[in-house]
Amino acid sequence: METKKVLPVLFLVMFFVMVGFGIIIPVIPFYAESLGASPFELGLLMAVYSLMQLIFSPMWGRISDKVGRKPIMMVGIFGLSLSFFLMAIANELWMLFAARIIGGFLSAANMPTAMAYVADITSEEDRGKGMGIIGAAIGLGFIFGPAIGGIFSKTNLSVPFYVAGASSPFTFFSVMVGLKE
């Protein structure tokens, strides 16, 4: 597959993954507080997602080496969407924790698989450029995501979680149609 066709698709995929992730950033402290979270519990809530990513990213990377990049990216996007919807319906703190754990575990598939895909399709001299494009997508997602989350939180604190979850089918479809093994 031609690198010039795949890199824009990977850019969009990682951009939308990070926009979805970023949408919930300004909202989650208020949402958790509304469910009775203490500042310490909020810290744990934020950390548990990253801990799952730390633990399971290498596993997903190995699985993508065996199974293929495309299906693992689809698992990661589905998992992220699932966690957003679970957070949206959470009415107790333990449910928010469960959603963050599930999301961290499953969405840990996204980053290592996207990076491995870039490494697969780029020459050695273009690899840095490819990784830079993915990095730019991540950065832009973190710029636009929190702004979108702030806008949608005016209606109700759960709305940004639904918006983030609803953006995932577009991303899932982009991977399904736009990427080849």
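Colleague: Where does Leu54 lie?

Modeller: Helices here are DSSP runs of H or I with at least four residues, numbered from the N terminus. Leu54 lies in helix α3. Keep in mind that this is a predicted model, where local features need pLDDT of at least 70, side-chain atom pairs count only at pLDDT 80 or more, and totals for chains, interfaces and linings use all residues. Residues are numbered from 1 along each chain as its sequence is written, and side-chain values use heavy atoms, with hydrogens and water left out.

Colleague: Is Leu54 buried or exposed?

Modeller: Buried is under 20% relative accessible area, exposed is over 50%, and partly exposed is in between (1.4 Å probe, protein chains only). Leu54 counts as exposed because its relative accessibility is 64%.

Colleague: Which residues make the nonpolar surface patch?

Modeller: For a patch, you take residues with over 30% relative accessible area and no salt bridge, then join nonpolar side chains (Val, Leu, Ile, Met, Phe, Trp, Tyr) within 5 Å, or like charges within 9 Å. A salt bridge, in turn, is a side-chain nitrogen of Lys or Arg within 4 Å of a carboxyl oxygen of Asp or Glu. Here Leu51, Leu54 and Ile55 make a nonpolar patch of about 300 Å².

Colleague: And inside, how many residues has the largest nonpolar core?

Modeller: In soluble globular proteins, nonpolar side chains tend to be buried together. A core is a set of buried Ala, Val, Leu, Ile, Met, Phe, Trp, Tyr and Cys residues joined through side-chain atoms within 4.5 Å. The largest one in this model has 44 residues, and Leu10, Met87, Leu96, Phe161 and Leu179 have the most contacts inside it. Helix α1 gives the most to this core, 12 residues.

Colleague: What does Phe161 touch?

Modeller: Contact means heavy atoms within 4.5 Å. Leaving out residues up to four places away in sequence, Phe161 touches Ile24, Val27, Ile28, Tyr31, Phe84, Met87 and Ala88. There's also a second, separate core of five residues, including Trp60 and Leu106.

Colleague: Where is Ala88, then?

Modeller: Ala88 sits in helix α4, and it counts as buried because its relative accessibility is 7%. Beyond four places in sequence, Ala88 touches Tyr31, Ser158, Phe161 and Tyr162.

Colleague: Why does Gly149 count as buried?

Modeller: Because its relative accessible area is 0%. Gly149 belongs to helix α7 and, again beyond four places in sequence, touches Ile23, Pro26, Val27 and Pro160.

Terms used
Helices (H or I, at least four residues) and strands (E, at least two) are DSSP runs, numbered from the N terminus. Accessible areas come from the Shrake-Rupley method with a 1.4 Å probe; for residues, only the protein chains shown count as cover.
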